Amino acid sequence: MEATRVRITVNGVEHVRLVPSTMTLLEFLREDLQLTGAKEGCGKGECGACTVLLDGEPVASCLVLAAQCSGRSVTTVEGLAPPEEGRLHHVQQAFIDHGAVQCGFCTPGMVMSAVALLEQNPLPTRDEIRVAISGNLCRCTGYQSIVEAIYDASRRSAKAERAEKAEQLSGEPR
Amino acid sequence: MSTTSAPDKLRWVGKPVPRVDAVGKVTGATKYMGDLTFPGMLWGRVLRAAHPHALIKSIDTSKAEKVPGVVRVLTHKDVKGLNGYGIAVPDQPVLCHDKVRYMGDAVALVIAETREEAAAALDKIEVVYEPLPVVDDPERAMLPDSPLVHEGGNIHLHTHIERGDVEAGFAASAVIVENTYRLPRQMHAFLEPEQGVGVSDGNGGVTVYCGAQHPYRDQMQISRALGIKPSRIRVVASPVGGAFGGKDEITLQILLAMGALATGRPVKIVLSREESVVAGWKRHPMVIHMRTGAAADGRILAHQVRLVSDTGAYASLGGPVTNLALEGCTGVYRMENILMDGYCVYTNNGVAGAFRGFGQLQANYAMEHQMDLLAEALGMDPVAIRRVNALRGGDVNPLGHTMVENVGALSVLDAAERCDLWARRHELEAEPPSEPWKRRAVGLAVEMQGTGLGVGLPDYGAAKIDLVRGPDGRPRWRVGLSCPEIGQGNSTTYAQMAAEGLECDVGDVEVYVGDTSAGPDSGSCTASRSVYTGGNAIFHAATAMRELLRKKAPAVLGCTEEEAAQAELSEIARAAVAKGITLSADGAFIWPESKYKLQGVFGLPHIINTYIAHVALVEVDVLTGQVEVLRSFAAIDCGKVVNPQGVQGQSEGGMVMGMGYALMEDTLIQGGHTLTKNFSTYIIPTSLDAPLMETVTCESFEPTGPWGAKGVGEAVMVPIAPAIALAIRRATGALMDHAPSTSERVFTKGGVRLGG
């Protein structure tokens, strides 16, 4: 089988590997790097369980070839809150607080779609959230708790940002 | 979510404790069974049938075995024990020998170094078939001249239930409504396709990692098929990426064990979505004919039912589903005169088995339509007719059981009547729609869901609790029982109940579920039974542990019996682990059964019921027939609520799944071939389809339940479907007797009138 040498940065770490030309990014993450957070639910880009960020954009990693990712940067759910930091990303924490997790199989993809949304639109409306996660299927929750979690996370992070700015301002010399 | 409950002194039960498994799931750290990797792991692929119904004349694997990378190709000859599985009847071959009965039948298992090599070898297996006529219509399958799917006949089960005198009841009726309802083949659509790994211990034993719903029964079925002792088989079935009944039966467990034992190496199998759809179980499509007579005051005087259920190629739980559907055909109502016949029929239309609701969804859809139609005929209010007929505590129900348990039909009906959607329905229906060509209407339906396995089926649960010393030197409580975590949150409710019973902090409890090596058999995660059964087992184990600790207290604390009696349990536990003492206690529970036995009817009646009412506000586009559910409401009596967030999550997820059933979901099979193999053609609700949902719990105390709790997992998806369909009827006049209510059906049902 034809192989391609790739250099892919995943969660800030650069990996140089020889991969089969037919290997998807999802297979590369799950099998070569043992990053099993992204899941395969359909293999056709229909369910969103494999969503990761490619150069900051959400993609269905089952539809992207690993070879296409050379020289690019991938963020998976494992990269949001490195265990050594000891705390969760605010979207992850909001998912827990709002009961937005049941079986959890859709959760990593759902979280990544939410993170991507908030990067581009820090204060989305509930309708904008529904559109942003409409490519992520969930069979357990009925979505309402997920929408609430993302809405809450966006407001929390906006509040935190304001507080940080206020702190900076008050710390500046007069 | 709001609840109505009396204040209590409970510390953990009823409190919003965060899920114990949530951190692992939001960080991606949780390993599902298909995420596991072992050194030297091989890949398995299953060869499925090439025809929906055919005799196998020969199987030649010699060319496949020569494909580079192939380690073994297994066929029926390698099944050393019983070549069959099935929860009720083991009529489904592990690997087919002489006949295939549906496109998902497994014929061979290829094991190779890589997935690609296994796939290449599948094409090289030569199977010679002699195709047989395809049996795809359950009504025709019952005729004496039909080709046979199984030699014993195509009718797997016929159940006849008769009480009172229906003819006299119909004669006395002021109105009679009669209709035929056609219900779809819904797919579970769990996001995690069936997958797992089999690992041999090199000594004739095997561990099977495969997400499922009853690890001990899987162990038994593996043992029976392989001809090895259950004690040599460990099954790890948790966590599961969604199941909903679709992983109750054996999926890959036997093949994983066979592959691992045959090669001596770990073997992984991961089904593609398409393979999962073709091979996996579905909700039984049913045709339900109902004739119901009522007096002028709305009382039901006679009810006649004929139900035909398509179980597909193998029995699985088709029989019990048919029987529970018949029970559901009596709704939440008093009926003295009933005559019901249910037929569970074999065809070559895939396979059908357990699915959340277990026959009650089909039945409730039909029954609740009958109630609204009776109300229309009598000029009654939909709630009023339901209230007149609703079962009360102490009633003898239609199947003959005297209802001494908690009966919540009226309390959920009252809550639904009071909710904003129903109380203001005329106002909401008159509100201007989002577009002039749309119409709004509200529908309501009510259900009771029989929980537990039912009369005649041993239904039990056991749990164990170990007191051990944690890494910080403090006591840790390890709670083990087999009901897996399939997403519903039972591991969290178990931790809450254990903490309540052990008088400890919930953070000091570790729950181990779904692993035959970590806890005793607490049965299946089905039939809304895991909180009730597992919780009762934990209650008894915790009681035994408390007694044990109290007995040992004087010695552990080095004090008198009187002083020890004053000590807190946590203090005794702390002193015990400090001295290096570890303790274990077991608890077990057996379900109560009705004293009333129905002659010749397996599993009925059920006696512990969840009660639920749903209300839905829909908007129908009269130009296209498209239906949107704008808002929905649930009133639930599931006994004592153990975890409010858990109940709300079940309720909302159930409403949306039931909405999918009502509006869009049907696995289409034509001539035995599945047409809707992935989410591009089998459409389930997305975030854009889900309505705004409200849930209210009408708490009650079930005396036989752990801390008063009952189950909730299934009822949450049931009456929402008829509530939506009845709202469509109010909006358009169309009787949606053929679910799902797709745009095409709503459009063509005649309810669409331009400018009407």
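Let's start with chain B. Buried residues make up 65% of its 756 residues. Keep in mind that this is a predicted model.

What does chain B contain in the way of helices and strands? There are 21 helices and 28 strands in chain B. How does its radius of gyration sit against the globule rule? The radius is 27 Å, close to the 27 Å that the rule gives for 756 residues, so chain B is as compact as a globular protein of that length. Along the principal axes, the C-alpha atoms of chain B fill a box of roughly 80 × 75 × 50 Å.

Now contacts. Take those in chain B with a separation of 6 or more. Of these, 81% are between residues 24 or more positions apart.

On to the largest pocket. Its volume is about 930 Å³. Which elements give two or more residues to its lining? From chain A there is α1, residues 25-32. From chain B there are β2 (42-48), α3 (115-122), β13 (267-270) and α8 (273-279). So much for the list; which element gives the most? That is α1(A), with four residues.

In total, 36 residues line the largest pocket. Nearest its centre lie A:E27, A:E31, B:W43, B:R115 and B:E116.

Strand β13(B) has another partner to look at. Strand β10 of chain B, residues 195-200, pairs with β13(B) in the antiparallel sense. That pairing runs over four bridges. Which residue of β13(B) is the bridge partner of B:G196? It is B:I269. One general point while we are on strands. In a regular strand, side chains alternate between the two faces of the sheet.

Last stop, chain A. Find helix α2, residues 90-97. Which of its residues are buried? A:V91, A:Q92, A:A94, A:F95 and A:I96 are. Then move past the end of the helix. α2(A) is followed by A:G99, whose phi is positive, near 65 degrees.

Definitions and conventions
Residues are numbered from 1 along each chain as its sequence is written. Chains are lettered from A and ligands numbered from 1 in the order in which they are written. This is a predicted model: local features need pLDDT of at least 70, side-chain atom pairs count only at pLDDT 80 or more; totals for chains, interfaces and linings use all residues. Side-chain values use heavy atoms; hydrogens and water are left out. On a 1 Å grid over the protein atoms alone, a cavity is a set of points where a 1.4 Å probe fits but cannot get out, and a pocket is an open set with protein on both sides within 12 Å along at least five of seven lines; lining residues have an atom within 4 Å of a point. Grid points are joined across faces, edges and corners, and a volume is the space filled by probe spheres set on the points. Two strands pair if DSSP finds at least two bridges between them. The radius of gyration is taken over C-alpha atoms; the globule rule is 2.2 Å times the number of residues to the power 0.38. Buried means under 20% relative accessible area, exposed over 50%, partly exposed in between (1.4 Å probe, protein chains only). Contact means heavy atoms within 4.5 Å.
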